[in-house]
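Have a look at the structure first, then read on.

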Amino acid sequence: MGSGTNIGKVRGLGSAKHGSHHWILQRVTAVGNLALIAWLLISLLRLPTYEHELLIGWLSSPLVAVPMMLILVSIFWHLRLGLQVLIEDYIPDHGLKFGIIILLNFFAIGGAALGIFAVAKVAFTGVVA
């Protein structure tokens, strides 16, 4: 066991003082996702048909395009937070962990940016291509 004090045995093994912030962000993005997805489903159910032209016109509205962009940001942020925890917990090699987290950040930012660009293109031009 050793002859050290109890505090000496656990020094360096306690909280890093940042886990609760990460946990709270995951819960906030989860609640945001629920609210935004509920909005999306309700607004889609209120449409009379799901023809291409109608959906393009629907997405061209600022009251639809902005929440769609918020959905993309919230979902990709939530995805990044959750996968980061998974990577930190289950990949023991620190170098590999760092590299995978960098790739995860590129994927999350790139995916959100691509989705936002697609929504903005439809909203501003009304063209899908």
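**The core**

A nonpolar core here is a set of buried Ala, Val, Leu, Ile, Met, Phe, Trp, Tyr and Cys residues joined through side-chain atoms within 4.5 Å, with buried meaning under 20% relative accessible area (1.4 Å probe, protein chains only). The model is predicted, with local features needing pLDDT of at least 70, side-chain atom pairs counting only at pLDDT 80 or more, and totals for chains, interfaces and linings using all residues. Numbering starts from 1 along each chain as its sequence is written, and side-chain values use heavy atoms, leaving out hydrogens and water.

In the largest such core there are 16 residues, and L40, W58, L59, V64, M68, I71 and V119 have the most contacts inside it. At least two residues come from each of α2 (19-45), α3 (52-59), α4 and α5, and α4 gives the largest share, six residues. Helices are DSSP runs (H or I, at least four residues), numbered from the N terminus.

**Helix α2**

Which residues of α2 are buried? They're H22, Q26, T29, N33, L36, L40 and S43, and they pack against α3 and α4.

**α4 against α5**

Helix α4 (residues 62-90) packs on helix α5 (residues 94-125) at about 170°, axes 9 Å apart. The pair is therefore roughly antiparallel (angles over 145 degrees). Their contact residues split into 19 nonpolar, four polar and three charged.

Notes:
Axes are lines fitted to C-alpha atoms, for helices over the stretch in contact, and angles run from 0 to 180 degrees between N-to-C directions. Angles under 35 degrees count as roughly parallel, over 145 as roughly antiparallel, 65 to 115 as roughly perpendicular and the rest as oblique. Ala, Val, Leu, Ile, Met, Phe, Trp, Tyr, Cys and Pro count as nonpolar, Asp, Glu, Lys and Arg as charged, and the others, Gly among them, as polar. Buried means under 20% relative accessible area, exposed over 50%, partly exposed in between (1.4 Å probe, protein chains only). Contact means heavy atoms within 4.5 Å.
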